[in-house]
Amino acid sequence: PDYCYKSIYGLTRRNVRGPPTPQQYYVDADSPLHRLEKIYLPGTMYSSKGFIDLSEGDSIHGFAPTRKPIVTAHELELMASLGVHTIRDLATADRDTILKLRGVDYEDTPEDELMDFYDVCDVH
């Protein structure tokens, strides 16, 4: 099928094959949290210039997707300090763990020791 596509549209082999397949970005419940990424396909406003000129017979398949992490290194450290290391850990985290990550803790906790992962619910 690659040869047919190549001969019909006159594309190079790289453009026919494209970058590595998206399956390499798949995660499961036991994947570490640092593997959580958003993948933006070429030609979207989140991937480079947001416009790919296909007028010369090029193919969008010749461009790699842009990967952006969902959680920062600081947020990963906060979660690890509470024993949350995998996607399963985060998905099954109890209410108190999530609240603690958001900065809600016991009233005698000093303010400078409160956690600041305020959008943990979006990731959870």
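The model is predicted. In it, the side chain of Arg95 meets that of Asp96 in a salt bridge, at 3.6 Å from N to O.

A search of the whole structure gives four salt bridges. One of them joins Arg67 to Glu37, with the closest N and O atoms 3.0 Å apart. Arg67 sits in strand 2 (residues 66-69) and Glu37 in strand 1 (residues 37-40), so this pair ties together parts 30 residues apart in sequence. Arg67 is partly exposed at 45% relative accessibility. Glu37 is also partly exposed, at 26%. Another salt bridge links Lys100 and Asp105, whose closest N and O atoms are 3.5 Å apart. Lys100 is partly exposed, with a relative accessible area of 29%. Asp105 counts as partly exposed at 24%.

## Overall layout

The chain holds six helices and two strands. From the N terminus, the order is α-α-β-β-α-α-α-α. Of the 124 residues, 27% are buried. The chain exposes about 9000 Å², and carbon and sulfur atoms supply 53% of that area.

Sequence separation can be read from the contacts. Take those between residues at least 6 apart in sequence: 57% of them join residues at least 24 apart.

Helix 3 spans residues 73-81, and Glu75, Leu78 and Met79 are buried in it. These residues cover an arc of only 95° around the axis, which puts them on the same side of the helix. An α-helix has 3.6 residues a turn, so residues three or four places apart point the same way. Ala73 and Glu77 are exposed, on the other side of helix 3.

What covers the buried residues of helix 3? The cover includes helix 4 (87-91) and helix 5 (95-101). After helix 3 comes Gly83, with a positive phi near 80°.

## The largest nonpolar core

The largest nonpolar core has 15 residues. Leu33, Met79, Leu90, Leu101, Phe117, Val120 and Val123 touch the most other members. Helix 3, helix 4, helix 5 and helix 6 (120-123) each give two or more residues to this core. In soluble globular proteins, nonpolar side chains tend to be buried together.

Val120 has contacts beyond its sequence neighbours. Leaving aside residues within four places in sequence, Val120 is in contact with Leu90, Ile98, Leu101 and Arg102.

Thr97 lies in helix 5. Is Thr97 buried or exposed? Thr97 is buried, because its relative accessible area is 18% and the cut-off for buried is under 20%. The Thr97 side chain makes a polar contact with the side chain of Asp94, at 2.5 Å. Not counting residues up to four places away in sequence, Thr97 touches Leu82 and Val84.

Ala91 belongs to helix 4. This residue counts as partly exposed, at 47% relative accessibility. Ala91 and His124 are 33 residues apart along the chain, yet their C-alpha atoms are separated by 5.8 Å.

How values were computed. Residues numbered from 1 in each chain as written. Predicted model: local features only at pLDDT ≥ 70, side-chain atom pairs only at ≥ 80, totals over all residues. Heavy atoms only, no water. Buried < 20%, exposed > 50% of the residue type's maximum accessible area, 1.4 Å probe, protein only. Helix = DSSP H or I, 4+ residues; strand = E, 2+ residues; numbered from the N terminus. Arc of directions from axis to C-beta. Contact = heavy atoms within 4.5 Å. Core = buried A, V, L, I, M, F, W, Y, C linked by side-chain atoms within 4.5 Å. Polar contact = N/O pair within 3.5 Å; in protein donor to acceptor, adjacent residues only side chain to side chain. Areas by Shrake-Rupley, 256 points an atom, 1.4 Å probe, with all protein chains shown as cover.
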